[in-house]
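This briefing accompanies the sequence and the three-dimensional structure shown below. The points are grouped by topic and are meant to be read alongside the model.

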Amino acid sequence: MDDRTASLTKQGSIRHDWTREEVATLFALPFPELVFCAQSIHREHFDPREVQISTLLSIKTGGCPEDCAYCPQSVHYHTGIDAEKLMSRAAVTEAARAAKASGASRFCMGAAWRSPKDRDLDRVCAMVEDVKALGLETCVTLGMLTGSQAQRLKTAGLDYYNHNLDTSPEYYDQIITTRIYQDRLQTLAHVRAAGIHVCCGGIVGMGESREDRVGMIAALASLPAHPESVPINMLVRVEGTPLAQADALTPLEFVRTIAVARITMPASVVRLSAGREDMSEETQALCFLAGANSIFYGPKLLTTSNPAQDRDRALMDKLGLTAMR
Ligand code: SF4
């Protein structure tokens, strides 16, 4: 490892002043060096044999007024997904119970809203209380929140709020036009102020450049506090969305993105999220080597499919990984 790399990654220290130039330097490291740095830093903060397992349930599917170019749930695209009403409290509790029995430690609930109405938020708060009572960590993703809505979720016992930055600030308007980057940062600030842990990452493979991936990681790593969870998604190209024909990102560039996330946010859980269905076991193994230590478990990720639980279990067994408790 040369002096520059060593100083950039020194002792996996937590920094919030990452420059784009530094992040770009990490991305450009020789692959073995990058993965070695990432794995070394990973071991300073985590047990490398453990993987945190979350389960994600779509509690309100489709009909979203936002126009995120990757999303089959937007009303702007014809993807064959019909709008559904918010699920019942009993059905959510039942799904959470099943997730716990399958080994999940966190139960994430997603609703396709621009932002929740207050009456809907009351119902979600009741779900959070029920899931929490089962002994699971709770996470929701509901779109933009006001400060008082974040406080209500905290009072209900919410542990994590997911709100992704999606991509770099510069590329954002190529992906979404119904909100701006600052809206995302504002919601993240409300969530932090309420004392809720933050789950925040992005999506790669949306036709963005390496420079945009650098910008996205630099934005995440420069937040006032690093997100406790950093989901890195590989775009699932859904027919009917504007990104259906986007060029696929190479698996090695995806692994590089994971490694740079690990190095720049050493104490955060880095999650392999959407796109695992199409990844080989070898790519996923490289991601774990590069510092990923969380996966979504379960047959569906909101509306796109996810590797069957049996396949996940078999892969974890092959790699000697165990579920983080
Ligand atoms: S990603 Fe979320 S906010 Fe965007 S269209 Fe889909 S459900 Fe709506």
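This is a predicted model: local features need pLDDT of at least 70, side-chain atom pairs count only at pLDDT 80 or more; totals for chains, interfaces and linings use all residues.

In which helix does glutamine 149 lie? Glutamine 149 belongs to helix 6, which covers residues 147-156.

**Glutamine 149**

- Glutamine 149 has a relative accessible area of 5%, and it therefore counts as buried, the limit being under 20%.
- A polar atom of the glutamine 149 side chain lies 3.1 Å from the backbone nitrogen of threonine 146.
- Not counting residues up to four places away in sequence, glutamine 149 touches Pro116, Lys117, Asp118, Leu121 and Met144.

**Helix 4**

- Helix 4 comprises 13 residues, 89-101, and at 1.5 Å a residue it should span 18 Å; its end C-alpha atoms are 19 Å apart, which agrees.
- Val92, Thr93, Ala96 and Ala99 are the buried residues of helix 4.
- Viewed down the helix 4 axis, these buried residues fall within an arc of 120 degrees, so they line one face of the helix.
- An α-helix has 3.6 residues a turn, so residues three or four places apart point the same way.
- The buried residues of helix 4 pack against strand 1 (50-60), strand 2 (106-111) and helix 5 (118-133).
- Ala90 and Ala101, on the other side of helix 4, are exposed.
- Glycine 103 follows helix 4 and has a positive phi, near 105 degrees.

**Aspartate 166**

- Aspartate 166 is located in the loop between strand 4 (160-162) and helix 7 (172-175).
- Although aspartate 166 is not a glycine, its phi is positive, at about 75 degrees.
- The relative accessibility of aspartate 166 is 1%, so this loop residue counts as buried.

**Cysteine 287**

- Cysteine 287 is placed in helix 11, residues 281-289.
- With 0% relative accessibility, cysteine 287 counts as buried.
- Leaving aside neighbours within four places in sequence, cysteine 287 is in contact with Phe254, Val255, Ile258, Leu272 and Ala292.
- Between cysteine 287 and threonine 141 the separation is 146 residues in sequence and 25 Å in space, taken C-alpha to C-alpha.

**Ligand shell**

- The residues around the ligand are Cys64, Glu66, Cys68, Tyr70, Cys71, Ser74, Ala112 and Arg179.
- By class, this shell has five nonpolar residues, one polar residue and two charged residues.

Note on methods: Residues are numbered from 1 along each chain as its sequence is written. Side-chain values use heavy atoms; hydrogens and water are left out. A residue is near a molecule or strand if one of its heavy atoms lies within 4 Å of it. Ala, Val, Leu, Ile, Met, Phe, Trp, Tyr, Cys and Pro count as nonpolar, Asp, Glu, Lys and Arg as charged, and the others, Gly among them, as polar. Helices (H or I, at least four residues) and strands (E, at least two) are DSSP runs, numbered from the N terminus. Buried means under 20% relative accessible area, exposed over 50%, partly exposed in between (1.4 Å probe, protein chains only). A polar contact is a pair of N or O atoms within 3.5 Å; within protein, one must be able to donate a hydrogen and the other to accept it, and residues adjacent in sequence count only if both atoms are side-chain atoms. Contact means heavy atoms within 4.5 Å. The expected span of a helix is 1.5 Å times one less than its number of residues. The arc is that of the directions from the helix axis to the C-beta atoms.
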